[in-house]
Amino acid sequence: MQSLYAYEQSENQNLNAEEKFLKKSMEDMYDLFLLMLNLMIETRNHAESYLEKTSKMHLATEEEKTPNRKFINNELLKRLDASEYFNNLITDRKLTNWSRDDEYKTIIWESLRNSQIYQNYIDSDKQSFKEDRNFVAEFFSEIIAPNEKLYDYLEDHKLTWLDDLPIVNTTIYKLIEKAKKDDVAFGIPRLFRNTEDRDFAVELMQKTILNDGEYTSEISKKTPNWDKERIAELDAVLMKMAICEFVKFPSIPVKVTINEYLEIAKEYSTPKSSIFINGILDKISKEFKADGKLNKMGRGLM
């Protein structure tokens with residue numbers, strides 16, 4: 001979506017250059033995903049050092065001498081920290097940001113340490129995986145995700161990360177919520193399940209661009225009372241991608257395509273975009289089906 005939007009905004013449209021940008025942006029997004037996960041571990045490790053140092057201070061209070069280590073011993077964070085696969089990804093992809101720019105784990109720790117979320121957690125007598133998981137979900141969504149200094153850092157480091165941040169944060173939050181007590185390890189998804197996944201992204205971009213005129217015409221026919229300028233550019237991009245999936249990707253069910261782009265519209269476009277897009281795509285898909293343009297393979301793919 002971002003690559004297509006950038007392509008349409010560009011004065012020098014070069015398909016090969018955009019393909020390279022797409023591949024790099026996908027890798028960059030995965031780096032951001034790993035870094036945001038790793039920030040929780042680095043904050044936990046920083047907290048452990050902090051508690052150890054304060055316990056050894058000359059005028060340490062009794063509470064400081066015997067600190068509450070519930071956060072340090074959080075079962076979900078321990079699983080993530082112990083993941084060989086995750087640690088290898090961090091090493092292999094040279095993601096040393098929180099070691100190089102270590103002030104950010106201090107910023108996050110101070111924000112967490114002074115929060116009601118943290119106080120409620122360490123004051124609770126409960127000790128369960130569910131409580132640990134719920135705390136990590138709150139830690140990420142309420143402390144890390146909305147942190148403005150972290151946001152500014154990410155913007156300065158790589159501008160495209162700001163576009164990726166909403167989907168990355170949502171993915172991490174859902175990953176945390178799905179964690180189960182019986183899981184042997186913290187499951188880290190791969191960037192692509194296989195080469196077909198990677199090729200799909202490139203092929204979708206190529207076919208959408210190469211058939212842009214046709215797809216734009218289909219949208220125009222369904223919006224006769226709308227000036228082209230009134231349709232949000234991002235909405236137009238999303239609808240053209242959906243139409244491309246309708247006719248060029250026979251294995252993807254129509255309903256899956258529509259639902260996917262409605263969710264993207266809710267996240268990235270205007271408040272009413274999803275309703276508008278749903279109406280247009282529904283009309284186009286029904287017309288294509290009636291005209292025999294939907295060559296979907298397999299049962300239940302219409």
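A salt bridge here is a side-chain nitrogen of Lys or Arg within 4 Å of a carboxyl oxygen of Asp or Glu. By that rule, this predicted model holds 19 salt bridges. Let me walk through a few.

Start with Glu-42 and Lys-105. Their side chains meet in a salt bridge at 3.5 Å, N to O. The two residues sit 63 apart in the chain, Glu-42 in helix α2 (residues 15-55) and Lys-105 in helix α7 (residues 103-113). Both Glu-42 and Lys-105 are buried.

Next, Asp-81 and Arg-44. This salt bridge comes in at 3.2 Å, N to O. It links distant parts of the chain again: Asp-81 is in helix α4 (residues 75-82), Arg-44 in helix α2, 37 residues apart. What about cover? Asp-81 is partly exposed, with a relative accessible area of 28%. Arg-44 has 8%, so it counts as buried.

Third, Glu-131 and Lys-70, at 3.0 Å, N to O. Glu-131 lies in helix α9 (residues 129-144), and Lys-70 in the loop between α3 (62-65) and α4, so the pair ties together parts 61 residues apart in sequence. Glu-131 counts as buried at 14% relative accessibility. Lys-70 also counts as buried, at 7%.

Salt bridges with shared partners join Glu-27, Asp-31 and Arg-93.

Now the surface. Where is there a negative patch? Glu-148, Asp-152, Glu-155 and Asp-156 form one. Take Glu-155, in helix α10 (residues 148-157). Its relative accessibility is 32%, so Glu-155 counts as partly exposed. Patch residues need over 30% relative accessible area and no salt bridge.

Methods:
Residues are numbered from 1 along each chain as its sequence is written. This is a predicted model: local features need pLDDT of at least 70, side-chain atom pairs count only at pLDDT 80 or more; totals for chains, interfaces and linings use all residues. Side-chain values use heavy atoms; hydrogens and water are left out. Patches are made of residues with over 30% relative accessible area and no salt bridge: like charges are joined within 9 Å, nonpolar side chains (Val, Leu, Ile, Met, Phe, Trp, Tyr) within 5 Å. Accessible areas come from the Shrake-Rupley method with a 1.4 Å probe; for residues, only the protein chains shown count as cover. Lys and Arg count as positive and Asp and Glu as negative; His and the chain ends are not counted. The place of a charge is taken as NZ of Lys, CZ of Arg, CG of Asp or CD of Glu. Helices (H or I, at least four residues) and strands (E, at least two) are DSSP runs, numbered from the N terminus. Buried means under 20% relative accessible area, exposed over 50%, partly exposed in between (1.4 Å probe, protein chains only).
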